[in-house]
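Have a look at the sequence and the structure first, then read on.

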Amino acid sequence: MEQIKISVRNLVEFILRSGDIDNRHGRTAQKEAMQEGSRIHRKIQRRMGADYQPEVPLKIEVARERYVMIIEGRADGILTEPKQVVVDEIKGIFQDVNLLESPVCVHLAQAKCYAYIVALQQDLPEISVQMTYCNMDTEEIRRFREHYTFAEIETWFLGLIAAYEKWAQFQYQAKRERNQSIAGLKFPFPYREGQKELAAGVYRTISREKNLFIQAPTGTGKTVTTVFPALMAVGQGLADKIFYLTARTITRTVAQETFGLFRRQGYMGRILMITAKEKLCLCEEMDCNPVHCPYAKGHYDRVNDAVFHLLEKEREITREVLQEQAQQYRVCPFEMCLDVSLWVDDIICDYNYVFDPNVYLKRFFSEGVKGEYLFLVDEAHNLVERGREMYSANLYKEDFLKYKKVLKIHSKKCTAALERCNRHLLNMKRDCDSYRVLGDIGVFVFALMQLGSALEEFFQKEVNFPEKKDVMEFYLQLRHFLNMYDLADENYVIYTEREADGRFKLKLFCVNPAANLQSCLDKGRSAIFFSATLLPIQYYKNLLSTCQENYAVYAQSVFEKEQRLLAVAEDVTSKYARRNQQEFEKIAAYIYETAKGKKGNYMVFFPSYKMMRQVFECLMQRDLPQEMECLCQESGMTEGQREEFLEHFLEARGRSLVGFCVMGGIFAEGIDLKREALIGVIIVGTGLPQISNEREILKNFYQQREGAGFEYAFLYPGMNKVLQAAGRVIRTAEDRGVILLLDERFLQREYQRLFPREWEGFQTVKLAEVRELVEAFWEE
């Protein structure tokens, strides 16, 4: 019989919520602490004695004619007392627990669901529920107890199930339609060499509940070759939902187009594109409360109807569809989007929605229950730095002084707490010349917790002042810092730094994000990491997962060697010590001679904006013929400016076009210029990150851990940028193109061992030879 699963938390929150969206009161009682079930839970559970059983998984099956509803979750504790059994639900909150007059409705409902399951399974005539609220800063506890007969709690639970039943019926019907439609799907193109084996490897990985890392050279069709077997696995009941995770908007578009290929074959699954909140918002200013936003007022009273009717009429749910529905029902489009995610089959979204501790979809990942989810992680090389950013946190001393002045007339308690924190930071600053790695900062963290508690209490009051929004943003940064401190372990380095602008920073630096990312991966069944630049693959396996049983595969390139001219210049470098006018002029000459070798569109990638402009100026000083045009990437380009830049490459023109760009920037990956739109890429330098204190910390960390400090901090990230830039040219089987590497360091063994297999047989070249080499390639 078909199974319809839902977590206890999602059930009660979805059915029982009501009222407004309101961001005006800090985190408030309705928002429990982010690291739910972590430090504070364990602390309370340990104090409860031998009669207290912590973290009890609970599940109940409710049978209907055509399907079974499975409601599951994890009770924080079950206390067996002499005369009664008590189900304990612990909520860590940031609010003063003494301000609570009664349990929050949805919290109590969650506990009552667990109580009903326990009473039913143990055949108890009555049962009690205990709500334990604990302030995350002061660790002060307040408890509420409710007592129920079995008849009372059963009547309540069955009423909840009755309200949910139309959603279960929808899921049953939608699942049947989806799976029947998957049975008729076929791979949408003739298989290229190696594609069928790659698709089979993805399916095999999913069936074994493993993770797979795929080095997939450009042209292997990595998106369709991972989506197809993932859909097949869903159709066979091996999984229930696909998360297609990306780092950039353009790769989300590719994923959407790929699912569209299967929709045209009759695929009936519902596909949701999650867009950032600021892009979905219907208001001029994003201020989520009933005073400033008409969509926030009464949102929860109307949103379930909006969601249900949207699911009935749409199967491809885009930003425009969500905004139209939100306007019709007067609800927040972003919050509605998150609710819709519960009921769709495929979600295309940013990495944040699975991995970021502040943004992740709590509807799926906060219950501690493993789901039948597949994670397809596109451009997975980006997840290393993104993972570090997500799980790092920093605070600036100057902010404490700034908000101390702001709050001086509003709260003596907050002002005093800010001053205490500032004094701690002042002591750290005195001991820091450039940067300093610290050991324990527990005393400072205790002062931060006191400040957090004072700010939370302050936000409960209706106090309005011009800087309130900024103070709330500072408060959220403070909370993030405290939450990351709870996670900090041997994978973190804590350091202080005097920045170039004079500001003083304290940072929790997540040097190795693998353990934190793995805790997210553990919530699903299987993950497929894929990229055209996942080399060396062991580096990415080490930094993206802690599992020792991950698979890896090198997909076969579908391109012929004859499609590409790959040459390394042996008489030029971008080495910092040799960055001078003579070297810039030589680089400019290489660009000129290459473009003269064959008229067409080229992109040149530089290690920095500064060097890009220096070489650009050198080229402009030459007597450029009428047949050559140059344009430069600018820092901070808008979406419109980016599109305008790329449109130049799509226009027909009678002369060469040379685009000056920056490695690792917006044009270095994710763009798809085919055939004549781009016939050559010139890469200046090895892409090594600039020397900084943080790079030095990374280097020292991995030198101690792996004996490979330079490689982890500089070489591997640098070569990834090189490979990404090189991948902009030759996008289809019909394309031909030139890849020119302008740095003699590429001839060193440590760089060449990072070349992909398809780069075997490269040529070396000198400036005097490059035009002739290019001409000969195009004459073949």
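This is a predicted model: local features need pLDDT of at least 70, side-chain atom pairs count only at pLDDT 80 or more; totals for chains, interfaces and linings use all residues.

Let's start at P536, which sits in the loop between β17 (526–531) and α20 (537–544). The peptide bond joining L535 and P536 is cis, with omega at about -10°. Most peptide bonds are trans.

Most residues other than glycine have a negative phi. E209 isn't a glycine, yet its phi is positive, at about 60°. You'll find E209 in the loop between α5 and β7 (211–215), and it is partly exposed, with a relative accessible area of 43%.

R330 isn't a glycine either, and its phi is positive at about 55°. The loop between α10 (319–329) and α11 (333–340) is where R330 lies. R330 is partly exposed too, its relative accessible area being 39%.

Take E197: it belongs to helix α5 (residues 195–207). With a relative accessible area of 54%, E197 counts as exposed.

## The whole thing

Zooming out, the protein has 27 helices and 25 strands. Its radius of gyration is 29 Å, close to the 28 Å that the globule rule gives for 780 residues, so the protein is as compact as a globular protein of that length.

Along its principal axes, the C-alpha trace spans about 95 × 70 × 50 Å. Of the 780 residues, 58% count as buried.

Technical notes. Residues are numbered from 1 along each chain as its sequence is written. Side-chain values use heavy atoms; hydrogens and water are left out. Helices (H or I, at least four residues) and strands (E, at least two) are DSSP runs, numbered from the N terminus. Buried means under 20% relative accessible area, exposed over 50%, partly exposed in between (1.4 Å probe, protein chains only). The radius of gyration is taken over C-alpha atoms; the globule rule is 2.2 Å times the number of residues to the power 0.38.
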